[in-house]
Amino acid sequence: MAVESCLLNWKIKRVFTVTVDNASSNDVTIIYLKKKINGWGFGILNCKYLHMRCIAHIINLVMVDGLKENIEAVKMVREAVRYVRQSLARLQKFKSCCEMEGIQSKCHLSLNVSTRWNSTYLMLRTAEKLKNAFDRFRTFGLCFKFDLVSSKECDGVPDSLD
């Protein structure tokens, strides 16, 4: 096992905790390490606190689960952002909408990654700052409305509540 090998090579005998995410393979690894470390006679508190779950991973899981409450709104915003970013012409038109609305933001439209809640937050925060540009963009292009309404991913164009 790689962790055991590293501990031995680095001459680390006393380990209080190991922080890992919630993958089940980590549970097996921790059980193995507990046996090894206790077998060496160097277990601190009998390795009671050896397995520490990563708080960042736990927060990510909580946030991803919480975002499911407003999944339709997130999907609509995501599809609107994807639509604008899909072509250079659309992106240029969107930038001109920002200028017409007097939005002087250096924010860039970014898509979220479903496994990283903060990317969803960043996408929503940027879209919220640019909501007037989205409203103007909606009036310019009938295709925007039509394409999003006919999209399999969402139920239409997001509004300011989304």
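**Briefing: a predicted helical and stranded protein**

Tyr 49 sits in the loop between α2 (24-40) and β2 (51-53). Helices (H or I, at least four residues) and strands (E, at least two) are DSSP runs, numbered from the N terminus. This is a predicted model: local features need pLDDT of at least 70, side-chain atom pairs count only at pLDDT 80 or more, and totals for chains, interfaces and linings use all residues. Residues are numbered from 1 along each chain as its sequence is written, and side-chain values use heavy atoms, without hydrogens and water.

**Overall build**
- The protein has eight helices and two strands.
- Along the sequence, the pattern reads α-β-α-β-α-α-α-α-α-α.
- Of the contacts (heavy atoms within 4.5 Å) with a separation of 6 or more, 72% join residues 24 or more positions apart.

**Surface**
- The protein exposes about 10700 Å², and carbon and sulfur atoms supply 56% of that area. Areas come from the Shrake-Rupley method with a 1.4 Å probe, and for residues only the protein chains shown count as cover.
- Tyr 49 counts as partly exposed because its relative accessibility is 38%. Buried means under 20% relative accessible area, exposed over 50%, and partly exposed in between (1.4 Å probe, protein chains only).

**Interior**
- Buried residues make up 27% of the 162 residues.
- Thr 126 lies in helix α6 (residues 117-129).
- Thr 126 is buried, with a relative accessible area of 7%.
- Beyond its neighbours within four places in sequence, Thr 126 contacts Cys 107, His 108 and Leu 109.
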